[in-house]
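Please open the model in your viewer and keep the sequence panel beside it. The tour below moves from one selection to the next and says what is found at each stop.

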Amino acid sequence: HNPSPAGAMVNIHSSQLSSLWAVLLLLRCVPVLSRACDACKMEHEQVDESVAEEASLFEVTLLQTGLRLKAEKVSESVTPGTYLLVDASCEDPATFACKGGCYEGPDWFLQGCITGQEAPYVHSSVADIIMTQPKMYSTSDPAHKSCASLGFSPVAVPDKAYGEGGVVSFYASDESWFLARMGWTDPPKSIAALRHAYSVDHSQCFSQNKSLIVSTPA
């Protein structure tokens with residue numbers, strides 16, 4: 001039995017209508033899909049911007065941390081120019097009553113020209129008598145800001161017995177005790193003798209010039 005032309009026409013129209021509806025539905029969905037894609041794209045852009053911002057902040061943080069660590073490292077490597085030299089038996093007369101002296105000056109002079117622990121290995125007769133157990137502290141230490149802060153009183157500030165430049169100063173917990181301990185009945189004469197010893201026998205120190213201090217014993 002052959003289908004009638006009318007039936008075929010109906011089938012054709014139904015198929016066409018289905019296709020047409022599918023096209024219309026697709027066309028209707030296109031704007032929705034487009035808006036969805038735009039929204040997705042914007043979201044991705046926002047995420048990208050957020051990631052970029054976080055990365056930038058992270059880089060800045062790393063840079064700041066690096067600079068801080070570098071600054072701290074430089075700060076740690078810098079050696080302050082002023083030190084205190086005291087004897088272990090009397091380091092802080094302001095806190096513990098004691099008799100002693102205190103030198104204040106650059107480390108190279110205190111060790112090379114007062115205690116003789118470094119080149120040019122010169123010993124001060126004063127330090128040899130009142131500082132048999134010498135100890136040095138940097139003035140960058142809050143607990144050792146100066147001889148005065150430890151309770152020592154000025155005796156020679158600066159101490160020109162070691163040179164006109166006056167790179168060091170001398171303090172004592174008790175000046176009368178110091179003079180008696182040194183046996184200086186005539187202080188000006190004794191100081192002059194000390195000055196002569198440094199100007200003639202220890203000119204490397206008397207010159208007050210670090211570059212002149214040699215690396216071998218004088």
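## The sheet

Begin by selecting strand S1 (residues 83–87) together with S3, two strands that run antiparallel and are joined by 5 bridges. Strands here are DSSP runs (E, at least two residues) and helices likewise (H or I, at least four), numbered from the N terminus, and two strands pair if DSSP finds at least two bridges between them. Within this pairing, Val-86 has Lys-135 in S3 as its bridge partner.

Before going further, note that this is a predicted model, in which local features need pLDDT of at least 70 and side-chain atom pairs count only at pLDDT 80 or more, whereas totals for chains, interfaces and linings use all residues. Residues are numbered from 1 along each chain as its sequence is written, and side-chain values use heavy atoms, with hydrogens and water left out.

Now widen the selection to the open sheet of 5 strands, whose order is S3-S1-S2-S5-S4 with antiparallel pairing. Its edge strands, each pairing on one side only, are strand S3 (134–138) and S4.

## Aromatic pairs

Next, show the aromatic side chains, among which a search of the whole structure finds 7 pairs; rings of Phe, Tyr and Trp (its six-membered ring) pair if their centres lie within 6.5 Å, and planes under 30 degrees apart count as stacked, over 60 as edge-to-face and the rest as tilted. Select Tyr-103 and Phe-170, whose ring centres are 4.9 Å apart and whose planes stand at 50 degrees, so the pair is tilted. Tyr-103 belongs to strand S2 (residues 101–105) and Phe-170 to strand S5 (residues 169–172), 67 residues apart, and the pair thus links distant parts of the chain. Both Tyr-103 and Phe-170 are buried, a term that stands for under 20% relative accessible area, with exposed over 50% and partly exposed in between (1.4 Å probe, protein chains only).

Then move to Phe-109 and Tyr-162, an edge-to-face pair with 6.2 Å from centre to centre and 80 degrees between the planes. Because Phe-109 lies in helix H2 (residues 107–114) and Tyr-162 in the loop between strand S4 (153–156) and S5, this pair ties together parts that are 53 residues apart in sequence. Phe-109 and Tyr-162 are both buried.

To finish, which residues form one aromatic cluster? Select Tyr-103, Trp-108, Phe-109, Tyr-162, Phe-170, Phe-178, Trp-184 and Tyr-198, which make up that cluster.
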